[in-house]
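I am opening a notebook on this structure. The entries below follow the order in which I looked things up.

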Amino acid sequence: MPEESLLDSALVRLDEAARHLNVDADVIEKLKYPRETTKARLMIRMDDGSRKSFLAWRCRYDDTRGPTKGGIRFHPDATAEEVEMLAFWMTFKCAVMNLPYGGGKGAVQVDPRQLSKAELERLSRSYIQAFSRIIGPDRDIPAPDVYTNSMIMGWMADEYSQIVGQGSPAVITGKPLALGGSVGRGDATARGGYYLVRHLAEELGLAGKLRIAIQGFGNAGQYIASLLAGDGHTIVAVSDSGGAVHAAEGLDLDALMAAKNDGHSVVHTAGRHGHQAIAADELVGVECDVLVPAALENMIHKHNAHTVKARLVLELANGPVTPEADGILADRNVVVLPDILANAGGVTVSYFEWVQNKQGYYWGLEEIHTKLRTIMEREGRAIWQLSVDRGVTPRTAAYVHALSRLAEAIEAHGTQSYFDS
Ligand SMILES: NC(=O)C1=CN([C@@H]2O[C@H](COP(=O)(O)OP(=O)(O)OC[C@H]3O[C@@H](n4cnc5c(N)ncnc54)[C@H](OP(=O)(O)O)[C@@H]3O)[C@@H](O)[C@H]2O)C=CC1
Ligand SMILES: O=C(O)CCC(=O)C(=O)O
């Protein structure tokens, strides 16, 4: 019997949502497969004069509701299957937030930490050369993801402009401000999750000062730490790819940020500031109120889900909890605010960036924050209510919420649609 693929494991959530909604079988058939996944081999010149090649992909999963949208990941373990699964999640995330987008994702199989800045720029430009016919401001709009950032988005936007012969900022989001980026995109992923938790605090039974554990200390992890610490909550544990540190009385965030800025792991702070090194997997089970996965997929699984002490799991990462772990957490009354809602602040502010690029008129930070908070609260409230009314987990409610919008769009296109080809 063939092994279950990564996408198959993500589709479990679609099947579950379909059980709670009366949708046509055609809709499910359409959402079960990616529309197109393109593979390329990027060849770049290294600083020592040698050539090196890297596998790369871009998947446009579904464009029924608008141009496909989703980040580009640079990671040594990236695969075509992972890209398709991430693009499937983007399809549902954009529908959850009612953004006029479908879902896409891209990746390069590379450890960018092994490249010089010049090599990284050549690789980023070469990605756009390979996929320039697939992306476009009204076709497929990339953005940052794991181990990519605004500098890389800037190089990519520049390369695309060179290819099409004109400035085209709306082709990519998460750009530097100087190239048409939006204020507020930097911390948007964390800020969206932060607004969501604040809005639902009463329903979630969260009151007073909370103890927070954060897995992953990059863009999403560092910003959520700052936002929650800013409200007086205590960050008791954090991890990165190098390990984890713990301090029951609270970690010194400045020391952690300084270590990351100097290129070290958070473990570098152990033995000082009251920080104690712990095994990376122990982070999932530390005593805390809120656990924030902000690293990679499948980090909370059937072998460690029973160790979770938190009352709430706020999924800033994509796919951090496996379907088996979901069941274990639900049985133990641990609430999971799911990725397609909890981390959707990033793509929402990307949408604001794209709108500003198209209209050529730029908003201030307060306006961005208000718009983001309004959408997070509106969709978060609707999903929470749906989960209460149907007696399902917030994850299933989020999928039901998104699926009803996707089904409506698929049906509205008719039966002879370009979107069926
Ligand atoms: N950036 C965005 O706009 C959005 C990101 N996301 C999701 O959020 C998650 C994090 O992305 P982002 O913060 O942007 O990525 P970053 O590249 O900024 O940070 C990733 C972090 O994860 C850490 N990490 C990697 N492997 C492990 C591991 N095995 N255990 C613990 N930590 C690990 C990295 O460690 P180290 O620092 O040592 O390299 C780094 O701190 C991903 O799932 C991404 O898809 C979701 C929505 C939007
Ligand atoms: O900002 C975006 O367009 C997409 C971000 C992303 O890749 C994600 O939400 O997983």
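Which classes of residue, nonpolar, polar or charged, make up the shell around ligand 2? I note first that I am working with a predicted model. I counted the shell by class and got three nonpolar, eight polar and three charged residues.

**Entry: ligand 2**
I listed the 14 residues around ligand 2 and noted that G71, A143, D145, V347 and S350 come nearest. I then looked up which helices take part. Helix α3 (80–96) and helix α11 (345–359) each supply at least two residues of the shell. With three residues, α11 gives the most.

**Entry: domains**
I looked up how the chain is divided and found domain 1 at 34–179 and domain 2 at 188–342. Taken over C-alpha atoms, the centres of the two domains are 27 Å apart. Seven residues from domain 1 and six residues from domain 2 make the contact. On the side of domain 1 that touches domain 2, I find six nonpolar residues, no polar ones and one charged.

**Entry: annotated positions**
Which residues does the UniProt annotation "binding site" cover? The record, an unreviewed entry, gives T189 and N219. I checked whether they sit together: they span 31 residues in sequence, but no two of their C-alpha atoms are more than 8.2 Å apart, so they gather at one spot.

I placed T189 in helix α6, residues 188–204, and N219 in helix α7, residues 219–230. Is T189 buried or exposed? T189 has 28 other C-beta atoms within 10 Å, and a residue counts as buried at 20 or more, so T189 is buried. I put N219 through the same cut-off of 20 or more: with 24 other C-beta atoms within 10 Å, N219 is buried.

I also listed the contacts of T189, leaving aside neighbours within four places in sequence. They are N219, A220, L316, N343, G345 and G346.

**Entry: A310**
Where is A310 found? I located A310 in the loop between β11 (290–293) and β12 (312–314). A310 is buried, because 23 other C-beta atoms lie within 10 Å. Not counting residues up to four places away in sequence, A310 touches A213, C288, D289, V290, L291 and V334. I also looked up V284, which is 26 residues from A310 along the chain; the C-alpha atoms of A310 and V284 are separated by 8.8 Å.

Technical notes:
Residues numbered from 1 in each chain as written. Chains lettered and ligands numbered in written order. Predicted model: local features only at pLDDT ≥ 70, side-chain atom pairs only at ≥ 80, totals over all residues. Near = placed C-beta within 6 Å. Helix = DSSP H or I, 4+ residues; strand = E, 2+ residues; numbered from the N terminus. Nonpolar A, V, L, I, M, F, W, Y, C, P; charged D, E, K, R; others polar. Domains from an automatic or database assignment. Contact = placed C-beta atoms within 7 Å. UniProt positions renumbered as here; feature names shortened; annotations may be inferred. Buried ≥ 20, exposed ≤ 12 C-beta atoms within 10 Å, placed from the backbone.
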